[in-house]
Amino acid sequence: QVQLVETGGGLVQAGYSLRLSCAASGDTLRRYALGWFRQGPGKEREFVAAISLGGARIYYADSVKGRFTISRDNAKNTVYLQMNSLKPEDTAVYYCAANKIFTTNNEYDYWGQGTQVTVSS
């Protein structure tokens with residue numbers, strides 16, 4: 001079983017950047033596709049980005065394409081989300097997730113507890 005812990009959230013002004021990290025324990029992330037999701041105030045959880053086991057396939061939500069970058073470091077058992085040019089509408093709790101199958105839906109097997117990102121205008 002995989003345990004996931006996100007870090008790196010915080011309060012930033014619009015236009016600034018943050019990098020989220022998600023460290024895994026309990027199993028190697030080499031076995032899993034990885035995703036980032038977010039849930040804004042009063043909204044349902046939505047897909048942000050996903051990366052396949054080997055990193056060859058990467059998908060982004062249209063709302064973050066060109067601004068966010070997902071990456072993985074299997075040696076460190078960590079997945080990252082680099083967020084540039086942040087907007088107030090990016091304000092949300094961000095979750096990382098791991099799954100045996102690469103997908104952009106929210107049916108992932110393992111989830112972190114989330115980290116808050118707040119972007120002020």
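**Reading an eleven-strand chain**

Tutor: Start with one residue. Ser-85 is partly exposed, with a relative accessible area of 39%.

Student: What are the cut-offs for buried, exposed and partly exposed?

Tutor: Buried means under 20% relative accessible area, exposed means over 50%, and partly exposed lies in between (1.4 Å probe, protein chains only). Ser-85 sits in the loop between β8 and β9. Its phi is near 50°, a positive value in a residue other than glycine.

Student: What should I know about the model itself?

Tutor: It is predicted: local features need pLDDT of at least 70, side-chain atom pairs count only at pLDDT 80 or more, and totals for chains, interfaces and linings use all residues. Residues are numbered from 1 along each chain as its sequence is written, and side-chain values use heavy atoms, with hydrogens and water left out.

Student: How many helices and strands does the protein chain have?

Tutor: Helices (H or I, at least four residues) and strands (E, at least two) are DSSP runs, numbered from the N terminus. Here the count is zero helices and eleven strands.

Student: Which strands form the open sheet, and in what order?

Tutor: In general, strands of a sheet pair through backbone hydrogen bonds, either parallel or antiparallel. Two strands count as paired if DSSP finds at least two bridges between them. In this chain, four strands form an open sheet in the order β1-β3-β8-β7, with antiparallel pairing. β1 (3-7) and β7 (68-73) are the edge strands, each pairing on one side only. Neighbouring strands of this sheet are turned by 15° against each other on average, direction ignored. Axes are lines fitted to C-alpha atoms, for helices over the stretch in contact; angles run from 0 to 180 degrees between N-to-C directions.

Student: How many bridges join β7 to β8?

Tutor: Six bridges join β7 to β8 (residues 78-83), and the two run antiparallel. Asp-73 has Thr-78 in β8 as its bridge partner. Asn-77 lies in the loop between β7 and β8.

Student: Is Asn-77 buried or exposed?

Tutor: Asn-77 has 15% relative accessibility, so it counts as buried. Its phi is near 55°, again positive in a residue other than glycine.

Student: Which residues touch the most other members of the largest nonpolar core?

Tutor: In soluble globular proteins, nonpolar side chains tend to be buried together. A nonpolar core is a set of buried Ala, Val, Leu, Ile, Met, Phe, Trp, Tyr and Cys residues joined through side-chain atoms within 4.5 Å. The largest one here has 36 residues, and Trp-36, Leu-81, Met-83 and Tyr-94 touch the most other members. Elements giving two or more residues to this core include β3 (18-25), β4 (33-39), β9 (92-99) and β11 (115-120).

Student: Why is the radius of gyration said to agree with a compact globule?

Tutor: The rule is 2.2 Å times the number of residues to the power 0.38, with the radius taken over C-alpha atoms. For 121 residues, that globule would have a radius near 14 Å; this chain has 13 Å, which agrees. The C-alpha trace spans about 40 × 25 × 25 Å along its principal axes. Buried residues make up 46% of the 121.

Student: Where is Gln-1, and what does it contact?

Tutor: Gln-1 is in the segment before β1. At 65% relative accessibility, Gln-1 counts as exposed. Contact means heavy atoms within 4.5 Å. Leaving aside neighbours within four places in sequence, Gln-1 contacts Ser-25, Gly-26, Asp-27 and Tyr-110.
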